[in-house]
Amino acid sequence: MRRFLSGALPFYALAGLAMCMYLVLYRTSLVDLNAIVQGATGSSWFLVFMFVCVLLEAVFPYFGYFPGTALILMSVALNPKAADGSVFVVAWLAIILGAVLSYAQARFFRPFLQRVASKAALRRCESLFDAYGRYARIALFVHPNACAMYFTALGLLGRSLTRELAYLCAGAAAAVGILFVIVTRLVSSIGPTDDGELQVLLAVALVAMGTLIGLYTAWRPKVA
């Protein structure tokens, strides 16, 4: 059970955050996301808007769960003409920059971590990363938040960034591509407004991914 949770909990936590944002953004009157996105898609600043939203989502942990991906999904559902190659490239670049910034701030705070954490705790983190780190790369193909957490862990453990950049570029492209395919082919049929179905769908996908990864982690042979 412990091994299952070690693989599944990060994705379950992201799904929980997604549902919390669903409740805050769609079940209260605090923010009218439909109005924001409808205004943005008709603006010449739309690409800048998308870049900033995804970048904020891809930097961990200062912004928590910022609904950048949700805004991309909504922009495609509300205005399919906005889903061109430039939006794809902008979102891809924002995820990469966010992950690099996450890594940089983790490296900056690493000396502080070494002063407050015991050497035994750091060694345990190192051993866990050695055992499961390669499978954590799957997160790069799922969500900007998961990608940011992975690169934050890399920075805190002092691992090299260079050899991970290829995984980052491929994972960011796959994540954005999958989102666009899902929305343009399956979800855009919901109509001219979005009442949170996209956010719930994202949470369900994260739960499913976490369950599969948790099962694989629990069943794979232990690393000697």
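At 10% relative accessibility, Ile 213 counts as buried, a class that covers residues under 20% relative accessible area, with exposed meaning over 50% and partly exposed lying in between (1.4 Å probe, protein chains only). Ile 213 belongs to helix H9, residues 197-219, where helices (H or I, at least four residues) and strands (E, at least two) are DSSP runs numbered from the N terminus. Leaving aside neighbours within four places in sequence, Ile 213 is in contact with Gly 7, Phe 11 and Ile 138, contact being heavy atoms within 4.5 Å. Between Ile 213 and Ala 136, the C-alpha to C-alpha distance is 9.1 Å, although 77 residues separate them in sequence.

The model is predicted, so that local features need pLDDT of at least 70 and side-chain atom pairs count only at pLDDT 80 or more, while totals for chains, interfaces and linings use all residues. Residues are numbered from 1 along each chain as its sequence is written, and side-chain values use heavy atoms, with hydrogens and water left out.

Taken as a whole, the protein chain has nine helices and zero strands. Of its 224 residues, 42% count as buried, and among contacts between residues at least 6 apart in sequence, 82% join residues at least 24 apart. The accessible surface of the protein chain comes to about 11,500 Å², with 70% of that area belonging to carbon and sulfur atoms; these areas come from the Shrake-Rupley method with a 1.4 Å probe, and for residues only the protein chains shown count as cover.

The UniProt record, an unreviewed entry, places the feature "transmembrane region" at residues 44-66, 87-106, 138-158, 165-188 and 200-219; its positions are given in the numbering used here, feature names are shortened, and annotations may be inferred rather than shown by experiment. In the model, residues 87-106 are 100% helix and 0% strand, with the end C-alpha atoms 29 Å apart. Residues 200-219 are likewise 100% helix and 0% strand, and their end C-alpha atoms lie 29 Å apart.

A salt bridge, defined as a side-chain nitrogen of Lys or Arg within 4 Å of a carboxyl oxygen of Asp or Glu, joins the side chains of Arg 159 and Glu 126 at 2.7 Å, N to O. This pair links distant parts of the chain, 33 residues apart, with Arg 159 in the loop between helix H7 (144-156) and helix H8 (165-187) and Glu 126 in helix H6 (residues 119-136). Arg 159 is buried because its relative accessible area is 17%, whereas Glu 126, at 25%, is partly exposed. By the rule given above, the count comes to one salt bridge.

Glu 164 is also found in the loop between H7 and H8, and with a relative accessible area of 4% it is buried. Not counting residues up to four places away in sequence, Glu 164 touches Arg 137, Tyr 150, Phe 151 and Leu 154.

The cysteines can be considered next. With a disulfide taken as a pair of cysteine sulfur atoms within 2.5 Å, the count comes to zero. Cys 147 is in no disulfide, and the nearest cysteine sulfur, that of Cys 169, is 9.8 Å away. Cys 147 is buried, with a relative accessible area of 2%, whereas Cys 20 counts as partly exposed at 44% relative accessibility.
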